[in-house]
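Subject: Handover of a protein structure

Dear colleague,

Please find below the structure that I am handing over to you. I would be grateful if you could look through it before reading my notes.

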Amino acid sequence: MSDPNIHRFTSPIEGIPLPSAFTYPFHYTPHPLVQMAAHEVQVYLRTRSDWEEELSKGKMFGVLLIQDKEGNVGYLTAFSGNLAQNNRQNGFVPPVYDLLRPDGFFKLEESEISDINRRIEALEKVCAKKSGEKESHPKRKPNLSKKASSKKPNTNVWRKG
């Protein structure tokens, strides 16, 4: 495991069996090795005083147990979004696709979608002029009728513990 994104456990893991299956990530008890990996990431994060302010606001991190062909067990680490104004940090796997790369998938597709939106707006203006309207699709206003306001808010929110 010479890849810098693959981490070996700093604590002994002999005698801890590997998980038998991928678990449901939203409602389960984490496997002991996952808990150990998460703890090691937390210990590392405490050493990063340069990230302290950003981490104090909350940040999602994840670990994934891995085993190579030789049977060595380790883990990958990841974070959500950007960290220290970057979506790539040493020791963390890179994003599936890079939102920040100008020539990357997201930016190219974002540009194409923006072009389509501009063409739609131009066509709507042409249609509005032809029909004498100000806008072909006026902005929707919230429905404030008694029926709409009597709906109960969705309270089916999962809460830990």
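Predicted model: local features only at pLDDT ≥ 70, side-chain atom pairs only at ≥ 80, totals over all residues.

Residues are numbered from 1 along each chain as its sequence is written, and side-chain values use heavy atoms, with hydrogens and water left out.

The chain as a whole

The protein chain contains four helices and three strands; helices (H or I, at least four residues) and strands (E, at least two) are DSSP runs, numbered from the N terminus. Along the sequence, their order is β-α-α-β-β-α-α. The chain has 161 residues, and 16% of them count as buried. Here, buried means under 20% relative accessible area, exposed means over 50%, and partly exposed lies in between (1.4 Å probe, protein chains only). The chain exposes about 13,700 Å², of which carbon and sulfur atoms supply 55%; such areas come from the Shrake-Rupley method with a 1.4 Å probe, and for residues only the protein chains shown count as cover. A contact means heavy atoms within 4.5 Å. Among contacts between residues at least 6 apart in sequence, 45% join residues at least 24 apart.

Salt bridges

How many salt bridges does a search of the whole structure find? The search finds three, where a salt bridge is a side-chain nitrogen of Lys or Arg within 4 Å of a carboxyl oxygen of Asp or Glu.

- Aspartate 50 pairs with arginine 48, with the closest N and O atoms 2.7 Å apart. Aspartate 50 counts as exposed because its relative accessibility is 53%.
- Glutamate 53 and lysine 57 form a salt bridge at 3.9 Å, N to O, and both of these residues are exposed.
- Arginine 118 and aspartate 115 are joined at 2.4 Å, N to O. Both lie in helix 3 (residues 105–131), three residues apart, which is about one turn of the helix. Aspartate 115 has a relative accessible area of 33%, so this residue is partly exposed.

The largest pocket

Rolling a probe the size of a water molecule over the atoms shows where empty space is left. On a 1 Å grid over the protein atoms alone, a pocket is an open set of points where a 1.4 Å probe fits, with protein on both sides within 12 Å along at least five of seven lines; lining residues have an atom within 4 Å of a point. The largest pocket holds about 1,200 Å³ of space, the volume being the space filled by probe spheres set on the points, which are joined across faces, edges and corners.

Its lining has 31 residues, and those nearest the centre are Pro25, Tyr28, Val34, Gly62 and Val63. Helix 1 (32–46), strand 2 (61–67) and strand 3 (73–79) each supply at least two lining residues, and helix 1 gives the most, with six. By type, the lining divides into 21 nonpolar, nine polar and one charged. In this scheme Ala, Val, Leu, Ile, Met, Phe, Trp, Tyr, Cys and Pro count as nonpolar, Asp, Glu, Lys and Arg as charged, and the others, Gly among them, as polar.

Glutamate 54 belongs to helix 2 (residues 52–56) and is partly exposed, at 28% relative accessible area. Beyond residues up to four places away in sequence, glutamate 54 touches Asn82, Leu83 and Ala84.

Leucine 55 is also placed in helix 2. Setting aside neighbours within four places in sequence, leucine 55 contacts Leu45, Phe61 and Leu83.

Is glutamine 89 buried or exposed? Glutamine 89 counts as buried, because its relative accessibility is 17%. This residue sits in the loop between strand 3 and helix 3. Apart from neighbours within four places in sequence, glutamine 89 is in contact with Trp51, Phe79, Leu83 and Ala84.

Yours sincerely
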